[in-house]
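The exercises below are to be worked with the sequence and the structure at hand. Each task is followed by a solution in steps.

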Amino acid sequence: MTASAVRERLLASLEISPDAGSFRDRSNRVFRAGDRILRGVSKPAYENWKSASEAPFFKALAGERKLIATTDASGEEAARAGALGEWPFALAHQTVPFISYPYEWSFSMLKDAALLHLEILEKAIPAGWILKDSSAYNVQFIGAAPVFIDIPSFEPYRAGEPWGGYRQFCMMFLYPLMLKAYLGVDFGPILRAYIDGVDPLVADRLLSRSARWKKGVFSHVTLHAKMQSRASASELDEAKRLTEDAGDAPEKKNKIRHSEAMVLGLIQGLRGTIAKMTSPDERTVWGDYDADHSYSDASLQKKKVFIEKHARSGAYRKVWDIGCNTGVFSRLCAPFADQVISIDGDAKAIDRLYQREKRDGAGKILPMIVDLGNVSPNQGWRGAERKSLEKRGRPDLVLCLALIHHIVIAANIPMSEFINWLDDLGGDLIIEFVTAEDAMAQMLLRNKVDQYQDYTIAEFERLVSARYEIADSEELKGGHRKIYFLRRR
Amino acid sequence: MAATAPAYAYIDPGSGSVLATAVIGFFAAIGYTMRKYYYKAKDAVSGLFNKPEGK
């Protein structure tokens, strides 16, 4: 067998493939090897990691699980056989159970990710290290705990250099947080469109009028945008001057010296600004948001017993609770699963769930804001840099409780389409059908032309039966609702 | 074609951000330095009055 054939066979056995979202930093590349995460690194990046990981600040952060657990994998077969391409060294990272993106995070999640980023910088700089970029995608959540994953972002801090990640930090963390805290605008759809963050000029248009006097707006938004416009104008003149006839050369890089006090002062100032931010949602009285359902206590108990009975079988390691609201049923399933992905389109409910998980969760629930009528798509470079929800994992069990009427009636997605989508997700299904006679469905129908004649229990059962076996069912709310346990055929 | 490309395509929006960090950083450094000395002075003063017991 030739060497290349051996390598091909090894590659196939290890299921190694480069991650489509990891290419911007030329010093390394992430590879997936089955369930494991390997990172091919250049010699300088490897040496940086070796010496940074010995530093007390790094060890302390890693000990607090604020940095993703990382080991040297250069001696592993995959690295030695060249399965990681041209990279001479390799690192292995703890696998993040489920990747989420900033446009799926709630306000408190983005805020905690921002504060983690600043905390790392504040500890790294006095020790002689800095992060080379400030992408919000470098933070991931394991349960409700943010963890920094881009280990090769650590590079030696050179005295006199500016903080190179400032602009990106503003665009990906600060401005989106300001939009929510100061204007009450959810940043999710904005960050989904601007995957590299909100440009200072856009932030200026949005914030400089109505939030002019809010903390941080004058310096980080208005002034920043002004400087950008001025620098752009002078660069435009320069670009026009650089004709072949003029024989001019571009001006040298700006050489302003940035002292350590300037860099740390800037970082501490941002930390103060962000730490004080609150979401307008938090300021409203939560009251009975958890009890914001139309069940009597007895019916709710019946529903809980039904779900627990089927979720506790032990067969379900990965549960997706779609339309989870504040996560009452996610929390019910968490003890029996390794991981629960809790998805809802309501930013306020997800923030509430995140706060609660942060306080007393077991680290199994990942809350995410996703509009179920328009879930996160494949996007970015070649449509592969950021993956659609379905491409990031598959559930063993899906909970779909009191959701179908929102999808079919409010979002106008045909019932057969929705059931096809659930089937495509994979896994068994616990689903609650809300009849058109139910008071909540009636509310949704109130201002609609009734074109939902096929929205009946009989049609629902006919559609699901093609794909699932109805293993169990129970009527709730006096027959206005029915909950099913459906086993995949 | 490159010779006729619009000059607008060569603007680096990051240049303004570096200038902004210099201006904001200048003021931030004053605050930072003052805080640092304040805490140093505070520690020194409390050190004078809170001598460890038995010494």
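**Exercise 1. A salt-bridge network**

Does A:Asp438 count as buried or exposed, and at what relative accessibility?

Solution. The model is a predicted one. Step 1: buried means under 20% relative accessible area. A:Asp438 has a relative accessibility of 0%, so it counts as buried. Step 2: the side chain of A:Asp438 meets that of A:Lys477 in a salt bridge, at 3.0 Å from N to O. Step 3: the two residues belong to distant parts of the chain, 39 residues apart. A:Asp438 is in the loop between S14 and helix H17 (439-445) of chain A, and A:Lys477 is in the loop between S15 and S16 of chain A. Step 4: A:Lys477, at 18% relative accessibility, also counts as buried. Step 5: salt bridges with shared partners join A:Asp438 and A:Lys477 with A:Lys303, A:Glu432 and A:Arg481 in one network.

**Exercise 2. Two further salt bridges**

Which parts of chain A does the pair A:Arg24 and A:Glu385 tie together?

Solution. Step 1: the closest N and O atoms of A:Arg24 and A:Glu385 are 2.6 Å apart, and the two form a salt bridge. Step 2: A:Arg24 lies in the loop between S1 and S2 of chain A and A:Glu385 in the loop between S12 and S13 of chain A, so the pair ties together parts 361 residues apart in sequence. Step 3: A:Arg24 is partly exposed, with a relative accessible area of 46%, whereas A:Glu385 is buried, with 2%. Step 4: A:Asp186 forms a salt bridge with A:Lys180, with 2.5 Å between the closest N and O atoms. A:Asp186 is partly exposed at 37% relative accessibility, and A:Lys180 is buried with a relative accessible area of 4%. Step 5: over all chains the count comes to 31 salt bridges.

**Exercise 3. The five-stranded sheet**

What is the strand order of the open sheet of five strands in chain A?

Solution. Step 1: the order is S1-S2-S3-S5-S4 (chain A), and the pairing is antiparallel. Step 2: strand S1 (16-18) and strand S4 (70-72) of chain A are the edge strands, each pairing on one side only. On average, neighbouring strands are turned by 30° against each other, direction ignored. Step 3: strand S2 (residues 28-33) and strand S3 (residues 36-41) of chain A are joined by six bridges, with A:Phe31 opposite A:Leu38 in S3(A). Step 4: S3(A) pairs with S5(A) over five bridges, and A:Ile37 has A:His93 as its bridge partner in S5(A). Step 5: three bridges join S4(A) to S5(A), where A:Thr71 stands opposite A:Ala92. Step 6: four of the five residues of S5(A) are buried, so this strand is largely enclosed by the rest of the structure. Step 7: helix H2 (residues 43-54) of chain A lies across S3, S4 and strand S5 (89-93), running at about 120° to S4(A).

**Exercise 4. Chain A against chain B**

How many residues of chain A are in contact with chain B? Characterise the buried area.

Solution. Step 1: 24 residues of chain A are in contact with 24 residues of chain B. Step 2: the area buried between the chains is about 2,100 Å², and carbon and sulfur atoms give 75% of it. Step 3: the count of salt bridges between chain A and chain B is zero. Step 4: the buried residues of helix H10 of chain A pack against helix H1 (14-49) of chain B, together with helix H5 (107-124), helix H6 (166-183) and helix H9 (217-241) of chain A.

Key: Residues are numbered from 1 along each chain as its sequence is written. Chains are lettered from A and ligands numbered from 1 in the order in which they are written. This is a predicted model: local features need pLDDT of at least 70, side-chain atom pairs count only at pLDDT 80 or more; totals for chains, interfaces and linings use all residues. Side-chain values use heavy atoms; hydrogens and water are left out. Two strands pair if DSSP finds at least two bridges between them. Axes are lines fitted to C-alpha atoms, for helices over the stretch in contact, and angles run from 0 to 180 degrees between N-to-C directions. Contact means heavy atoms within 4.5 Å. Buried area is the accessible area (1.4 Å probe) that two parts lose on being put together, summed over both. A salt bridge is a side-chain nitrogen of Lys or Arg within 4 Å of a carboxyl oxygen of Asp or Glu. Buried means under 20% relative accessible area, exposed over 50%, partly exposed in between (1.4 Å probe, protein chains only).
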